[in-house]
Amino acid sequence: MRLSKTFVKTLREAPKDETAKNGALLTRAGYIHKEMAGVYDFLPLGIRVMENIKNIIRDELNKLGCEELQMTALQNPEPWEKTGRFSDQAVDIWFKTNLASGGELGLAPTHEEPIVNLMKSYISSYKDLPLSVYQFQTKFRNELRAKSGILRGREFLMKDLYSFHTNEEDLDKFYAEVEVAYKKIYERLGLGEDTFETFASGGIFSKYSHEFQTFLPVGEDDVYYNADKSVVLNKEVLNPETLNDLGVKEEELQQTTAAEVGNIFKLKFKYSEPLGLKYSDEQNSQQVVYMGCYGIGVSRVMGVIVEKYADDKGLVWPESVAPFKYHLIGIGENGMKRAEEFYASHPGEVLFDDRDLRPGEKFADAELMGMPYRIVISDKTLAEDSAEVTDRGTGESRLVKISEL
Ligand code: ATP
Ligand code: MG
């Protein structure tokens, strides 16, 4: 990608109404554009980050044998009425709209009802189970407050995974596999050391669910943790019963704020029962399907990575999600010529600042945009047959022979 060719421009100042650090920096660096509160466009660089995040998730879920599909955003009220969740009293964040031909539709805030409805066409026998499917899908939620940049969108990207089983042991086994996969995912996203599996409320069918919470000053959740962080629980389950279950005392817990980057839930029959998702067992009798669901907030994760790594100069991307690994700057006629050659021989890996600007402006933009390594080729470095490579995270520079770049 050449900065002279892209329509995207960096901004010196963030829009005044953008108070969140992630929203302000991503806007200034040209990754996103704000349409309105909680509603953002993703620009070419922003898409590349999102795709990298999606591919890490995809890779780990495919290893578990999960299959990817994509469901619709428009929702038929019927299955939601069967579970009681089309009502605005039950679910207060619906966006709804009317059909020109009459009747009402919803914009999906989540997809349990439609996936169960869909699976009624494909699951009929124990031989069809277990199975697990996931999607990356835009969700719509009429969130009361949307002031946290892409941490809380009214339109946002979620990965949602659903699993279907004949018995509880099989659900438990898969759930444990997802726990392991999620840990790998957050590690690969650069969030491993601050992200903790957290006890949260479970609903009717299971005592607890688990959230994955990234400890973060601007996180909206309150969580409590013990000294070695082996037990982390959400405020909503901070009660004598939970403390007893987890073998911890309230006095030994500390409080902090965190951002929920994912959650996993044993649904059991919560949706399969009211929607009639059944299979026939070996004795040919009808049984209700066991289910689990597992979410990751993909766009929120991108915002959390920004919040965790950014410094006062701008974004800092971990290599695993960076839109480009290298930010290439040529200075002077010879530097520019060598930079052109390097760019041509590394297709797809390099963001090339080939604009006719002062070096200082280019350096400031490189720091704002946050690629892991800046490569500068100038008369000065060429005198040593080298380029200067600077690590965005540590700020350390070293000369590298052009032939070894
Ligand atoms: P929260 O408590 O933050 O509102 P939630 O419990 O409503 O989250 P789920 O419905 O389980 O979340 O959604 C799965 C994941 O999607 C969450 O773990 C979170 O990472 C992400 N998510 C939820 N709401 C939003 C939002 N408004 N914007 C961005 N990501 C979101
Ligand atoms: Mg919510």
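Mentor: Gladly; we begin with the pocket and then move on to the cavity, the domains and a few local details.

This is a predicted model, in which local features need pLDDT of at least 70 and side-chain atom pairs count only at pLDDT 80 or more, while totals for chains, interfaces and linings use all residues. Residues are numbered from 1 along each chain as its sequence is written, chains are lettered from A and ligands numbered from 1 in the order in which they are written, and side-chain values use heavy atoms, with hydrogens and water left out.

The largest pocket has a volume of about 1000 Å³. Its lining has 39 residues, and T110, R141, M158, E260 and N263 are the closest to the centre. A pocket here is an open set of points on a 1 Å grid over the protein atoms alone, with protein on both sides within 12 Å along at least five of seven lines, and a lining residue has an atom within 4 Å of a point. Points are joined across faces, edges and corners, and the volume is the space filled by probe spheres set on them.

Which elements supply at least two residues each to this lining? They are β8 (155-165), β9 (195-201), β10 (208-215), β13 (254-268), β16 (290-297) and α8 (298-309). Helices (H or I, at least four residues) and strands (E, at least two) are DSSP runs, numbered from the N terminus. The largest share, six residues, comes from β13. Sorted by class, the pocket lining holds 18 nonpolar, nine polar and 12 charged residues. Nonpolar covers Ala, Val, Leu, Ile, Met, Phe, Trp, Tyr, Cys and Pro; charged covers Asp, Glu, Lys and Arg; the others, Gly among them, are polar.

β13 also gives the most to the lining of the largest cavity, with three residues. A cavity is a set of grid points where a 1.4 Å probe fits but cannot get out. The whole structure has one cavity of 30 Å³ or more, and the largest cavity holds about 70 Å³ of space. Among the residues lining this cavity are S148, R152, D221, E260 and R300. By class, the cavity lining has four nonpolar, two polar and five charged residues.

Now step back to the whole chain, which is divided into domain 1 (21-309) and domain 2 (326-404), with bounds from an automatic or database domain assignment. Their centres, taken over C-alpha atoms, are 40 Å apart. Six residues of domain 1 are in contact with four of domain 2, contact meaning heavy atoms within 4.5 Å.

Salt bridges come next: a side-chain nitrogen of Lys or Arg within 4 Å of a carboxyl oxygen of Asp or Glu. The count comes to 31 salt bridges, but is zero between domain 1 and domain 2. One of the pairs is D354 with R2, whose closest N and O atoms are 2.9 Å apart. D354 lies in the loop between β18 (350-353) and α10 (359-369) and R2 in the segment before α1 (21-28), so this pair ties together parts that are 352 residues apart in sequence.

Finally, look at the backbone. The peptide bond from L129 to P130 is cis, with omega near 0 degrees, and P130 sits in the loop between α4 (112-119) and β7 (131-140).
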